[in-house]
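Reader: I would like to learn how to read a few features of a fold. Please show me the model and take me through them.

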Amino acid sequence: MQRFTFVLLTIVLTVYHQQINAEFTAQDCRELGFVKTQLFCSSCNSLGEYGLEELKDHCRECCQQDAESGDKLKVYPKAVLEVCTCKFGAYPQIQAFIKSDRPLKFPNLTIKYVRGLDPIVKLMDERGTVKETLSITKWNTDTVQEFFETRLTKMTDDDDYLRTNRV
């Protein structure tokens, strides 16, 4: 009887441990109402303010780490925002970001117009190799700006090519 209890307890603990350490798949998150590629963990912290405390655990399983969540976030030296102008009607928030002066705050951001493409962001290393690609179709103007503020390397005056090559 003791052996059976021990085996049963071991199985239960193993399954429980796997459930705790398991991360939800993108499909699981979508079924819960979260978009895994667009959810930052800092957003999960604010769920309590809206009386949605019960969603916090699922939110944490679907989120990406960001600066406010306390974990080290990968920062990239370059980014490209790709979009088609024909899609501006469907994505007015992205159009508002592009047409405003906000992109000027990010000298290492390039805006590229690609025919027929929904808006995406490509994050690159210093050689220009794409390391991450994210859909930004559901993002608003402030979210796009916040994303670039947290995920792009800050440019200093010394990094500005025109300033360092003055005659």
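Reader: Let me start with one side chain. Is cysteine 86 buried or exposed?

Author: This is a predicted model. Cysteine 86 is exposed, because its relative accessible area is 54% and the cut-off for exposed is over 50%. Its partner reads the other way. Cysteine 84 counts as buried, at 5% relative accessibility.

Reader: What do cysteine 84 and cysteine 86 form?

Author: The general idea comes first. A disulfide is a covalent bond between the sulfur atoms of two cysteines. Here, cysteine 84 and cysteine 86 form a disulfide, with their sulfur atoms 2.5 Å apart. The link is right-handed, with 120 degrees about the S-S bond.

Reader: How many disulfides does a search of the whole structure find?

Author: Four disulfides turn up. Number the bonded cysteines of the protein in sequence order, and the pairing reads 1-5, 2-6, 3-4, 7-8.

Reader: Which cysteine does the disulfide join to cysteine 29?

Author: Cysteine 62 is the partner, at 2.0 Å from S to S. Cysteine 29 sits in helix 2 (residues 26-32) and cysteine 62 in helix 4 (residues 56-62), so the pair ties together parts 33 residues apart in sequence. The torsion about the S-S bond of cysteine 29 and cysteine 62 is about -100 degrees, so this disulfide is left-handed. Both cysteine 29 and cysteine 62 are buried.

Reader: What do cysteine 44 and cysteine 59 form?

Author: They form a disulfide too, with sulfur atoms 1.9 Å apart. This pair links distant parts of the chain: cysteine 44 is in helix 3 (residues 41-45), cysteine 59 is in helix 4, and they are 15 residues apart. The torsion about the S-S bond of cysteine 44 and cysteine 59 is about -80 degrees, so the disulfide is left-handed. Cysteine 44 is buried, with a relative accessible area of 0%. Cysteine 59 is buried as well, at 2%.

Reader: Which residues does phenylalanine 97 touch?

Author: Set aside residues up to four places away in sequence. Phenylalanine 97 then touches Leu81, Arg102, Pro103, Phe106, Leu109, Thr141, Val144, Gln145 and Phe148.

Reader: On to the sheet. In what order do the four strands lie?

Author: Strands of a sheet pair through backbone hydrogen bonds, either parallel or antiparallel. Here, four strands form an open sheet in the order 2-1-3-4, with mixed pairing. Strand 2 (109-113) and strand 4 (130-135) are the edge strands, each pairing on one side only. Neighbouring strands are turned by 20 degrees against each other on average, direction ignored.

Reader: In what sense do strand 1 and strand 2 pair?

Author: Strand 1 and strand 2 pair in the parallel sense, over five bridges. Valine 83 stands opposite tyrosine 113 in strand 2.

Reader: Which strands does helix 5 touch?

Author: Helix 5 packs on the sheet and touches strand 1 and strand 2. Its direction makes about 125 degrees with that of strand 1. Helix 6 lies across strand 1, strand 2, strand 3 and strand 4, and runs at about 5 degrees to strand 3.

Conventions:
Residues numbered from 1 in each chain as written. Predicted model: local features only at pLDDT ≥ 70, side-chain atom pairs only at ≥ 80, totals over all residues. Heavy atoms only, no water. Disulfide = S-S within 2.5 Å. Helix = DSSP H or I, 4+ residues; strand = E, 2+ residues; numbered from the N terminus. Buried < 20%, exposed > 50% of the residue type's maximum accessible area, 1.4 Å probe, protein only. Contact = heavy atoms within 4.5 Å. Pairing = 2+ DSSP bridges. Axes fitted to C-alpha atoms, helices over the stretch in contact; angles between N-to-C directions.
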